Amino acid sequence: MTFTLTAGRRVSLEEIESAVRNSIPVAVDDDVRKRVRRSRETLVSFVDAGRVVYGVNTSMGGFVDRLVPVSMAQELQENLINAVATNVGAHLDDHTVRAIMLSRIVSLARGNSAISEENFDKLIAVYNSGVVPCVPEKGSLGTSGDLGPLASIALVCAGQWKARFDGETLSGAEALSRAGLKPMKLSFKEGLALINGTSGMVGLGSLVYQRARRLLDVYLRVSALSIEGLRGMTKPFDPRVHQLKPHLGQREVAAKLWELLADSGLARNEQDTEDVLASEMGTIVKKGSEPIEDAYSIRCTPQILGPVLDSMNTIAGTLADELNSSNDNPLVLPDEDDVFHNGHFHGQYVAMAMDHLVIALATLTNLSNRRVDRFMDASNSNGLPPFLCREEPGLRLGLMGGQFMTASVTAETRALAVPMSIQSLTTTADFQDIVSFGFVAARKAREVLTNATYVVAFELLCACQAVDIRGVEGLSSGTRELYERTRALVPYLDRDITVTDYVEAIAREILS
């Protein structure tokens, strides 16, 4: 099986994730090769004609005003990738690095970056070989592209820096040698073509987004199970009322909950509640046996998760557009027979998309945290014992401690929701004077996703505990599979034991 890039075909985020997680080799068709060749040939003709082109016969960044003879091209390009490979911190995992590499290959395959066919092939060969460059995760501005992360990859391709191969960390030269590959020899513009783009934030962001979308999809079922555990009412999800508010996400969430709860014996029919309250009505003001409406964390689920769904759909479109773009500078367009100095490397689109993803995940986390609170509080749970502790309450503490974790992680998540895309700092002697921090935003989204997953995992644990207390025979057919999958990992808790491993198992096996 091979993932083949063809001219003009739009690559999906799903294809990127599948290719990197399943180690599917990448190939390109003849039309792509022709386009890559023509872009390089066009640039060579400009050099021969004496045109002045950034990164070809000029220096770069803060030295943009320095003219550099083409005879010094290799030294200039190697100096570039060494000078900007300044990231620090822990190294990115193999899947993320491969997603970044594949995103760069997709962009270069559009044939506007003027990389030579030889070095384009070598980048693909490194990717296919299983050589994984070591990429420190902190330090990218995300504006002249992801210079630091992509430079770490380019250095390995040129036989420098270090990489992982067959479980070992080796020098870049040794890793290439063991893989049977020759290092790149960079000519004019080629170092720039490898690093001056948004492929770092796109590769990382794509993987984070795919995981986040899966979490949201599962969370709709978790929500239905929690509604059953809390004996929530189903009528607020009736699609008929949601036709009155035309938000697509809200309608989709409501319809899904309505479907999942259709045959539930635990969720309540509002008419039954109304009948009970009507029978209790008298001539004086008094407290009814149950409220006519549920709290917002139950009743407003479509209005809360609907915007999350709509936002995620927009984020997916932004990431896919960026993935399928030529995002470096300058760009050499063979069909126009011209070179364009531009700002396509700027990561503001992705930075804002990742900030929006953080906000969406923080919203989901807030909702999950509120439901956990309702499960814990006997005054808000429609008849459940305090802290879901049915056996020996007081001697046992039940699930009280789990809420400590969810409150802490929720608070941390809210603090992380401060946008990165507005944190611009000027650099490079005011040449790069407004930057996106898109790669940082993607890293932050990854951390927030991890946090959200833990909170949802504990909510799911609580929902299953509540369902067992109420009577599992009343479960809907739409939530029973999720309940049974969870119970395969976590038993009903009739004694106090640490739940850390259970929460980790749910997060790993069911929510990821």
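## Helices 14 and 15

Helix 14 crosses helix 15 in a left-handed manner. The model is predicted. Helix 14 covers residues 301-323 and helix 15 covers residues 348-376; their axes come within 9 Å and cross at roughly 155°. This angle is over 145°, the cut-off for the term, so helix 14 is roughly antiparallel to helix 15.

On the helix 14 side, the contact includes T301, I304, L305, V308 and M312. On the helix 15 side, Y349, V350, A353, M354 and R371 are among the residues that take part. The residues of this contact divide into 15 nonpolar, 5 polar and 2 charged.

## Helices 16 and 17

Helix 16 (residues 400-416) packs against helix 17 (residues 438-470) at an angle of about 155°, and the two axes are 9 Å apart. Helix 16 and helix 17 are therefore roughly antiparallel to each other. The crossing of helix 16 over helix 17 is left-handed.

Helix 16 contributes G402, Q403, M405, T406, V409, T410, E412, T413 and L416 to the contact, while helix 17 contributes K444, E447, V448, N451, Y454, V455 and F458. These residues divide into 7 nonpolar, 6 polar and 3 charged.

Strand 6 spans residues 162-165 and pairs with strand 4 over 2 bridges in the antiparallel sense. Opposite P133 stands A163 in strand 6.

Note on methods:
Residues are numbered from 1 along each chain as its sequence is written. This is a predicted model: local features need pLDDT of at least 70, side-chain atom pairs count only at pLDDT 80 or more; totals for chains, interfaces and linings use all residues. Side-chain values use heavy atoms; hydrogens and water are left out. Two strands pair if DSSP finds at least two bridges between them. Helices (H or I, at least four residues) and strands (E, at least two) are DSSP runs, numbered from the N terminus. Axes are lines fitted to C-alpha atoms, for helices over the stretch in contact, and angles run from 0 to 180 degrees between N-to-C directions. Angles under 35 degrees count as roughly parallel, over 145 as roughly antiparallel, 65 to 115 as roughly perpendicular and the rest as oblique. A crossing is left-handed if the near helix is turned anticlockwise from the far one by less than a right angle, and right-handed if clockwise. Contact means heavy atoms within 4.5 Å. Ala, Val, Leu, Ile, Met, Phe, Trp, Tyr, Cys and Pro count as nonpolar, Asp, Glu, Lys and Arg as charged, and the others, Gly among them, as polar.
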